[in-house]
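Good morning, and thank you for coming. I would like to take you through one structure today, and I ask that you keep it in view while I speak.

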Amino acid sequence: MSFDESLREVLLQTDDLEWVEKSLDGLSHKMLWRDPETEASIALVRFEKGSGIPSEHKHASNQFMFCLSGRYVYLPTGTTLTKGSFYWNPKGVVHGPTRAEETSILLEVYDGPHYPERPSFYDNDEDAR
């Protein structure tokens, strides 16, 4: 979804949106908003228990996540997101791999494009957006 300047308010009922599976096994999302010019975005992401990001990676913009439920762990550092946790990963910082110790739902915000180049854990460019 992108912002239409003729609209003043937008309301989404996230329960009415379908989870869209990504090419990374166990990961799905509900895209809430995306700016087509800057590629900034807001989405709900769901990692099924046992899934996660399998390798180190970095982002082309700042990544912000708020944990709504579950237990999501950054393996090298032990940083653990649980309900109510807010996480900020600055642009260009290498992090991961990760694992969901419980099925985890995160509100994920990027202030620009997700990746400088498509990571190997996705098999298509759209999943890396």
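Let me begin with a question: are tyrosine 115 and tyrosine 122 buried or exposed? Both tyrosine 115 and tyrosine 122 are buried. Please bear in mind throughout that this is a predicted model.

β1 covers residues 20-21, and β1 pairs with β2 in the antiparallel sense over two bridges. Within that pairing, glutamate 21 stands opposite serine 28 of β2. The hairpin of β1 and β2 has five residues between the strands, and glycine 26 there takes a positive phi near 90 degrees.

β2 also pairs on with β3: the two run antiparallel and are joined by seven bridges. Here leucine 27 has phenylalanine 47 in β3 as its bridge partner. Six residues lie between the strands in the hairpin of β2 and β3, where glutamate 39 takes a positive phi near 70 degrees. How enclosed is β2? Seven of the eight residues of this strand, residues 27-34, are buried, so β2 is largely enclosed by the rest of the structure.

Now to the charged side chains. How many salt bridges are there in the model? The count comes to six. One of them joins the side chains of glutamate 21 and arginine 46, at 4.0 Å from N to O. Because glutamate 21 lies in β1 and arginine 46 in β3, this pair ties together parts that are 25 residues apart in sequence. The two partners may be set side by side: glutamate 21 counts as exposed, at 53% relative accessibility, whereas arginine 46 counts as buried, at 17%. Glutamate 21 and arginine 46 are also linked with Glu48 in a network of salt bridges.

Two further salt bridges deserve mention. Arginine 118 meets aspartate 125 at 3.0 Å, N to O. Arginine 118 is partly exposed, with a relative accessible area of 40%, while aspartate 125 is exposed, at 53%. Glutamate 126 meets arginine 129 at 3.3 Å, N to O. In that pair, glutamate 126 is partly exposed at 49%, and arginine 129 is partly exposed at 29%.

I come now to the aromatic rings. A search of the whole structure finds eight aromatic pairs. Among them, phenylalanine 64 and phenylalanine 86 are stacked, with 6.3 Å centre to centre and 20 degrees between the planes. Phenylalanine 64 lies in β4 and phenylalanine 86 in β6, so this pair ties together parts that are 22 residues apart in sequence. Phenylalanine 64 counts as partly exposed, at 23% relative accessibility, whereas phenylalanine 86 is exposed, with 56%.

Why is the pair of tyrosine 115 and tyrosine 122 edge-to-face? The ring centres are 6.2 Å apart and the planes stand at 65 degrees, so the pair is edge-to-face; an angle over 60 degrees places a pair in that class. Separately, Phe47, Tyr72, Tyr74 and Tyr87 form one aromatic cluster.

Finally, a word on serine 55. Where does serine 55 lie? Serine 55 is in the loop between β3, residues 41-47, and β4, residues 63-74. At 27% relative accessibility, serine 55 counts as partly exposed. Leaving aside residues up to four places away in sequence, serine 55 touches His95, Gly96, Pro97 and Phe121. Serine 55 and serine 120 are 65 residues apart in sequence, yet their C-alpha atoms are 8.8 Å apart in space.

Terms used. Residues numbered from 1 in each chain as written. Predicted model: local features only at pLDDT ≥ 70, side-chain atom pairs only at ≥ 80, totals over all residues. Heavy atoms only, no water. Helix = DSSP H or I, 4+ residues; strand = E, 2+ residues; numbered from the N terminus. Buried < 20%, exposed > 50% of the residue type's maximum accessible area, 1.4 Å probe, protein only. Contact = heavy atoms within 4.5 Å. Pairing = 2+ DSSP bridges. Phe/Tyr/Trp six-rings, centres within 6.5 Å; stacked < 30°, edge-to-face > 60°.
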